[in-house]
Each structure stands twice: as structure tokens, then as C-alpha cells.
Amino acid sequence: MLDDIDLRLLTLLQQNAKLTIKDLAEQLGMTTTPIFERIKRMERDGVIANYVALVDAEKVGRSLVVFCNVSMPDYTPENINEFEESVRQMPDVLEAYHLAGTIDYQLKVLMHDIKEYAQFLQQLARLSMIRVHSSAIALYTVKQSTVVPTPTKSSHS
């Protein structure tokens with residue numbers, strides 16, 4: 001169970017994972033040892049899954065964001081497993097969601113340009129168990145965050 005200090009610590013780490021244990025302890029009004037122990041416990045328990053560097057996609061030439069909606073006409077466990085394993089191997093797919101409704105999956109794909117997306121669609125076409133239902137090209141990003149909101153004391157009391 002996470003307490004309020006754990007939640008505040010998670011918020012700080014999500015905002016800047018490069019903060020030192022000393023910086024975190026100062027901001028939380030604690031000493032370094034309990035902060036270190038809390039972080040290690042949350043890593044061990046899988047609450048903190050990973051530490052990453054967030055890259056500006058435009059600065060590395062990957063500015064086309066496309067949401068690709070996929071349906072699976074023959075919805076079987078075998079087809080689901082095969083498709084999901086295939087998607088996990090596609091580096092251009094940043095996120096993939098299994099949905100309820102008329103669309104079975106939504107893929108968030110990051111590309112250099114529309115030609116590259118056309119090639120990606122050809123790659124998807126090789127997967128016989130799915131059909132591309134539609135594609136939506138993002139004009140620009142309004143909000144993008146990796147921060148998972150943590151409850152505040154008032155929201156979970």
C-alpha cells in the first residue's frame with residue numbers, strides 16, 4: 001500500500017527522474033535513507049517500472065503521428081495472440097490498445113512522413129487476421145504526458 005509520502009515521491013520522480021536522493025529528501029522534508037528505501041521498495045514491487053529519457057520526436061525526424069484503427073474479422077484467441085505479438089515487435093508502434101467496440105485495436109504510430117506510413121500499412125497488410133479500419137493523422141499535439149496522476153490525500157480519504 002502506498003502512503004502519501006510514496007505518492008508525493010512518485011510525482012516528483014515522474015516530473016524529473018534525475019533528481020538526486022538528497023534533492024528528493026529535501027523536497028519531502030525527510031532524510032536520504034528512508035527516501036532511498038522507499039524508491040527501492042517501489043522498484044522491487046513494480047510500482048516504478050522503468051526510468052527513461054523522453055526524446056523530442058521532431059528533433060529526430062519522426063514528426064508524423066498516426067492513429068491506426070484495426071479490426072479483426074475472425075476474433076479468435078490465436079489471432080489475438082499472433083497480432084499482439086507482431087505489434088510488440090514493431091518499433092514504429094509507440095502504443096497499442098485493445099478496445100471494446102467496433103474497432104478492435106488502436107495503434108499510435110510515429111513516422112517520418114506519409115510515404116513511410118504507406119510502407120507501414122503494407123507491413124500491416126501482411127497480417128491476414130486484421131483489416132485496417134481507418135487512419136487519423138494528428139495535426140499537432142495539444143497535450144502529451146507520461147505522468148500517471150497519483151491520488152491526493154483528499155481524493156482517497
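Start by selecting Thr20, which is partly exposed with a relative accessible area of 38%. On this scale buried means under 20% relative accessible area, exposed means over 50%, and partly exposed is in between, using a 1.4 Å probe and protein chains only. The model is predicted, so local features need pLDDT of at least 70 and side-chain atom pairs count only at pLDDT 80 or more, while totals for chains, interfaces and linings use all residues. Residues are numbered from 1 along each chain as its sequence is written, and side-chain values use heavy atoms, with hydrogens and water left out.

**Stop 1: around Thr20**

Thr20 sits in the loop between H1 and helix H2 (21-28). Helices (H or I, at least four residues) and strands (E, at least two) are DSSP runs, numbered from the N terminus. Thr20 and Thr32 are 12 residues apart along the chain, and their C-alpha atoms are separated by 9.4 Å.

**Stop 2: H1 and H3**

Select helix H1 (residues 4-15) and helix H3 (residues 32-44). Their axes come within 11 Å and cross at roughly 80°. Axes are lines fitted to C-alpha atoms, for helices over the stretch in contact, and angles run from 0 to 180 degrees between N-to-C directions. H1 and H3 are therefore roughly perpendicular to each other, a label used for angles of 65 to 115 degrees; under 35 counts as roughly parallel, over 145 as roughly antiparallel and the rest as oblique.

Which residues make the contact? On H1 they are Ile5, Asp6, Leu9, Leu10 and Leu13, and on H3 they are Ile35, Arg38, Ile39, Arg41 and Met42. Contact means heavy atoms within 4.5 Å. The residues of this contact divide into 7 nonpolar, no polar and 3 charged. Ala, Val, Leu, Ile, Met, Phe, Trp, Tyr, Cys and Pro count as nonpolar, Asp, Glu, Lys and Arg as charged, and the others, Gly among them, as polar.

**Stop 3: the two domains**

Colour residues 4-45 as domain 1 and residues 57-137 as domain 2. These bounds come from an automatic or database domain assignment. The C-alpha centres of domain 1 and domain 2 lie 37 Å apart.

**Stop 4: the sheet**

Next, show the open sheet of 4 strands, whose order is E2-E3-E1-E4 with antiparallel pairing. Two strands pair if DSSP finds at least two bridges between them. Strand E2 (93-98) and E4 are the edge strands, and each pairs on one side only. Neighbouring strands of this sheet are turned by 20° against each other on average, direction ignored.

Select strand E1 (residues 64-71). Is E1 largely enclosed or open? Since 7 of its 8 residues are buried, E1 is largely enclosed by the rest of the structure. E1 is joined to strand E3 (residues 105-111) by 7 antiparallel bridges, and Val65 stands opposite Leu110 in E3. With strand E4 (residues 131-137), E1 pairs in the antiparallel sense over 6 bridges. In E4, Ser134 stands opposite Asn69, and Ile137 is the bridge partner of Val66.

**Stop 5: Tyr117**

Finish at Tyr117, in helix H5 (residues 114-125). Tyr117 is buried, with a relative accessible area of 4%. Leaving out residues up to four places away in sequence, Tyr117 touches Leu64, Val66, Cys68, Met111 and Ser135.
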